[in-house]
Amino acid sequence: MDKLINEFSFGLFFWQLLLFVGLVLLLRKFAWKPILDAVEKRESGIEDALKAAENAKLEMQNLQADNDRLLKEARAEREAMLKEAREIKAKMVADAKDEAQVQANQMIEAAQSAIESEKRLAMTELKNQVATLSLEIAEKVVRGELSSKDKQMDLVESMLGETTLN
Amino acid sequence: MPRKSVFSLLLFFIASLSLSTMLAQHGENQHEEMELQEVAPGVEGKEGLKKEIKEYINHHLLDSHDFSLYSYTNDAGEKVHIGFPLPVILWDGGLKVFSSSKFHHGEEVAEVGGEYYKLYHNKVYKTNAQGDITLDDHHHPTNAKPFDLSITKNVFTIFIVGLLLLWMFSSMAKSYKKGALPSGMGRFLEPIVLYIRDDIAIPNIGLKHYKRYMSFLLSVFFFIWIINLLGLTPLGVNVTNNIAVTFALAILTYLITTFSGNKNYWKHIFWMPGVPVPMKIILAPIELLGTFIKPFSLLIRLYANITAGHIVLMSIIGLMFIFKNWIGSSLSFGLAFVLSLLELLVAALQAYIFTMLSALYFGSAVEEHHDDH
């Protein structure tokens, strides 16, 4: 202890105090303050950036979810549209078929009726022809039969004969 | 938090261990020297050499008025000093400033303005034209001492280190203007600065108040560290083993603690809450004494660690010249090498401890709580 007190140099103490306090003040102004400020600024910048990135990530996730939802909706819509279209197509085909059927039936019917009336016409004509022919034949036969007296007599007789039988 | 306190405890343990080993080694060393003296008395050359080594170590530990790197005796038998003189500033009935070259390394009397001064054990004493120094029974000079404010070797070194720190950190600060990351030296220094902020200041002082103390903590850390490292160079500067220097640093810690002490701090000193009244009365002087002992322990710890390290290192180096054979010399070389490595650690460790404890004291001064003991 005695040695320590003996060794104590007031001049050195004075200079150390003066120089060190001066050093602290100078360093504070020219070094520590700018350094710590810069570091703090950088750190808060990093923190902000991280936060922003986190936010962006969240937003991205939201967007992704939205996209997914939209996609699903679109897919469903497409599905529905396709289904509808298919139905319409089927309906149209069925309708067309029905219509065609009806038309064909109508045509067949018309054809049949036409055939029928043609047939009837032909039949009438045929009947008329046959009647004319038979009249002509009968006229010729009658003319032939009644050409002579004998023959006329025979006829009368046969006719009478027949009548008697009745 | 517990992890961190464990880490600090560990550091303390290492520090105290290194100190005790050094002191022990020093003690052993002295013991050894004494034994040697007993074994071989009367060996004139060896005795003289031992005395010279001892004197050299003492001389190295002391401050000096000129910056001498080394000295040798030339062919003509004259002692030649390599170095440069520093200004001597005395207050002795008026300011007296002169170059320390006037002392001729303590060999001559300096005559300034009709007064005579002489160096004795690196201290300036007033003397007569013949340079007589009268000693008392305890070998202390009885001559009057003028008030010495000289720029000594240590003051010069402190100044240089101050400039170095200013240059280092202002250039680091400038490098932040170019970008968010420092360039050059700042790359290395920034983690240390951040360590002091994040692991010393904030945990001990708290987020609310730590900013006020950052300048002191950072300055004190880098100042002690660099000046300790400089002490390990062959330049022979040795600042932190001066009690005046560590005292100046510790008194700053004490003043800052005292002036930033809040109501809670003083209450815990003078009227400890949560204990019975008689205990409060007993505790008050103890706590008050504690406020002085805390910074006192700071100054003694730093001083003792660095002084011990230097003494041991130089004694081991000195042993080389005593042994003068290849086994002993290489052994002490190896030992000195290992010790130098340890001293490198101690240099940083003492800076860390000083900063850490200062932060702890500041933290206790601004702590706000809760009387829930």
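The model is a predicted one.

## Chain B as a whole

Start with the parts list. Chain B has nine helices and eight strands. Of its 373 residues, 31% count as buried. Now look at contacts in chain B with a separation of 6 or more. Residues 24 or more positions apart account for 59% of these.

## A three-stranded sheet

Next comes a sheet in chain B. This open sheet has three strands in the order S4-S3-S8, and the pairing is antiparallel. Which strands sit at the edges? They are S4(B), residues 95-99, and S8(B), residues 147-148, and each pairs on one side only.

S3(B) covers residues 87-91. Two bridges join S3(B) to S8(B), and the two strands run antiparallel. Here B:Leu90 stands opposite B:Asp148 of S8(B).

S3(B) also pairs with S4(B), again in the antiparallel sense, over five bridges. B:Trp91 has B:Leu95 in S4(B) as its bridge partner. S3(B) and S4(B) form a hairpin with three residues between the strands. In this hairpin, B:Gly93 takes a positive phi near 65°.

Now turn to the helices. The table sets out two packed pairs.

| Helix pair | Angle | Axis distance |
|---|---|---|
| H3(B) and H4(B) | about 100° | 10 Å |
| H2(A) and H3(B) | about 5° | 8 Å |

Take the pair within chain B. Angles of 65 to 115 degrees count as roughly perpendicular, so H3(B) and H4(B) are roughly perpendicular to each other. H3(B) brings B:Met168, B:Ser171, B:Met172 and B:Ser175 to the contact. H4(B) brings B:Met185, B:Gly186 and B:Leu189. By class, this contact has four nonpolar, three polar and no charged residues.

The other pair links the two chains. H2(A) covers residues 10-145 of chain A. H2(A) and H3(B) pack at about 5°. Angles under 35 degrees count as roughly parallel, so H2(A) is roughly parallel to H3(B). Residues from H2(A) in this contact include A:Leu12, A:Trp15, A:Leu19, A:Phe30 and A:Ala38. From H3(B), they include B:Asn154, B:Ile158, B:Phe159, B:Phe169 and B:Tyr176. The contact of H2(A) with H3(B) divides into 20 nonpolar, four polar and no charged residues.

## Where the chains touch

How many residues of chain B are in contact with chain A? There are 33, and they are in contact with 28 residues of chain A. Four helices of chain B give two or more residues to this side: H3 (153-178), H4 (185-205), H5 (210-231) and H6 (243-260). Which of them gives the largest share? H3(B) does, with 12 residues.

The side of chain B that touches chain A has 23 nonpolar residues, eight polar and two charged.

Methods. Residues numbered from 1 in each chain as written. Chains lettered and ligands numbered in written order. Predicted model: local features only at pLDDT ≥ 70, side-chain atom pairs only at ≥ 80, totals over all residues. Contact = placed C-beta atoms within 7 Å. Nonpolar A, V, L, I, M, F, W, Y, C, P; charged D, E, K, R; others polar. Pairing = 2+ DSSP bridges. Axes fitted to C-alpha atoms, helices over the stretch in contact; angles between N-to-C directions. Parallel < 35°, antiparallel > 145°, perpendicular 65-115°, else oblique. Buried ≥ 20, exposed ≤ 12 C-beta atoms within 10 Å, placed from the backbone.
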